[in-house]
Amino acid sequence: MSKTDFVTYSPMKIMKLTALLQKHESTKASGLLLSLGDGYLVENNTYYGAVRKKIKTLDFKFSDAPNQDYLAFPMSQLENLLSSKTIYFQNNIEILSQLDQKVPQQISWDHIGGNLKANYVFHESCHAIARSLSTKLGLTKATDQKVKLVVMLLEESFANTCEFMAINDAQDAVHKIFLEANSFFTRFDDRTHLKNLIQEVGHKKVFKFMLYAYLHSNFLNEHYSPNDLNRVMKLTFNHKALKNLSRNAFELSPGFRFNTTELYLRLNGINQNVLDALAFDYLTIVEQNPNLLKLIDELTEIF
């Protein structure tokens with residue numbers, strides 16, 4: 001193996017930290033001053049900006065002083081974040097600025113991207129919005145476990161869908177880097193198909209379909225069966241591109257999805273075997289519950 005085998009070039013990899021900090025500086029007033037790219041995304045990303053606008057109406061605050069529990073295991077702290085109406089992020093501007101001043105124009109995103117801890121304000125804000133809307137509709141007080149599970153997994157699916165849809169606006173390296181630094185997951189490779197479909201039918205139709213797709217995935221399905229896909233298209237819209245687009249929702253490894261879903265259920269008081277707990281026709285629950293249908297509509301209308 002030659003040394004050149006270790007070297008790959010792309011606009012994202014070679015983007016200089018100096019340039020990223022300059023772009024952050026020029027847009028920081030629109031967002032969190034100490035979170036790389038946050039203001040840029042508020043200004044330039046439809047979904048990121050809409051989520052920030054909505055969360056501001058819900059009286060949540062942002063803090064760059066996360067407690068030790070959050071630092072150690074963020075996934076375990078969701079309920080505490082929602083009850084305290086506080087969404088944490090880490091100040092990454094200070095250390096990045098120090099590095100850039102020490103060796104200006106010498107550090108590229110490839111040097112730091114894989115090691116910089118992302119901020120999850122976008123994802124956590126989506127949870128907060130979904131929880132607020134489901135509470136307003138009385139769904140968080142549901143006693144039927146099946147309804148409770150649909151509501152819980154819709155919340156996570158909304159956050160997943162927002163992160164996926166946000167790639168539509170990521171046209172250049174700066175936007176992609178800032179989105180990567182502020183998301184749990186980014187999948188830029190299918191951006192063209194997503195963008196083409198949005199241009200054809202509008203982003204709300206696509207958003208609603210992908211919300212159902214992520215819900216199907218979070219119920220630990222590996223793909224859409226022809227019957228389930230047809231049922232979802234009746235709830236959203238019909239298009240030949242939807243089967244391929246839906247595959248994005250199933251890209252996370254089955255093991256990861258199983259473990260995180262099981263933990264999510266345990267933390268919410270459901271101790272039943274996860275596969276047994278989810279072994280019901282959730283689409284029928286959605287179809288027959290006007291408030292669940294309304295929740296999905298209201299989540300879609302945020303954008």
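## Surface and Overall Form

The chain exposes about 14600 Å², and carbon and sulfur atoms supply 51% of that area. These values, like those that follow, belong to a predicted model. Of the 303 residues of the chain, 51% count as buried.

The chain has 19 helices and two strands. Its radius of gyration is 20 Å, close to the 19 Å that the globule rule gives for 303 residues, so the chain is as compact as a globular protein of that length. Along the principal axes, the C-alpha trace spans about 60 × 45 × 40 Å. Among contacts in the chain with a separation of 6 or more, 77% are accounted for by residues 24 or more positions apart.

## The Largest Pocket

The largest pocket has a volume of about 420 Å³. Its lining consists of 20 residues, and those closest to the centre are Met75, His123, His127, Glu156 and Thr260. By class, the lining of this pocket has 11 nonpolar, six polar and three charged residues.

Three helices each supply at least two residues of the lining of the largest pocket: α9 (121–136), α10 (145–165) and α16 (254–267). The largest share comes from α16, which gives seven residues.

## The Second Largest Pocket

The second largest pocket holds about 190 Å³ of space. It is lined by 13 residues, of which Phe185, Arg187, Tyr214, Asn248 and Leu252 lie nearest its centre. Two or more lining residues are given by each of the elements α10 and α13 (203–218). Helix α10 is also named among the elements that line the largest pocket.

By class, the lining of the second largest pocket has five nonpolar, five polar and three charged residues.

## The Enclosed Cavity

Rolling a probe the size of a water molecule over the atoms shows where empty space is left. In this model, a search of the whole structure finds one cavity of 30 Å³ or more. The volume of the largest cavity is about 50 Å³.

The residues that line the largest cavity are Tyr70, Pro74, Phe89, Gln90, Lys117, Ala118, Asn119 and Tyr120. By class, five of these lining residues are nonpolar, two are polar and one is charged.

## Two Residues with Positive Phi

Asp59 has a positive phi of about 65° although it is not a glycine. This residue is placed in the loop between α4 (46–56) and β1 (61–63). Asp59 counts as exposed because its relative accessibility is 62%, and the cut-off for exposed is over 50%.

Leu220 also is not a glycine, and it has a positive phi of about 65°. Its place is in the loop between α13 and α14 (226–235). Helix α13, at one end of that loop, is one of the elements that line the second largest pocket. Leu220 has a relative accessibility of 17% and therefore counts as buried, the cut-off for buried being under 20%. In summary, Asp59 is exposed, whereas Leu220 is buried.

Methods
Residues numbered from 1 in each chain as written. Predicted model: local features only at pLDDT ≥ 70, side-chain atom pairs only at ≥ 80, totals over all residues. Heavy atoms only, no water. 1 Å grid on protein atoms, 1.4 Å probe; cavity = no way out; pocket = protein on both sides within 12 Å on 5 of 7 lines; lining within 4 Å. Points joined across faces, edges and corners; volume = space filled by probe spheres on them. Nonpolar A, V, L, I, M, F, W, Y, C, P; charged D, E, K, R; others polar. Helix = DSSP H or I, 4+ residues; strand = E, 2+ residues; numbered from the N terminus. Rg over C-alpha atoms; globule rule 2.2 N^0.38 Å. Buried < 20%, exposed > 50% of the residue type's maximum accessible area, 1.4 Å probe, protein only. Contact = heavy atoms within 4.5 Å. Areas by Shrake-Rupley, 256 points an atom, 1.4 Å probe, with all protein chains shown as cover.
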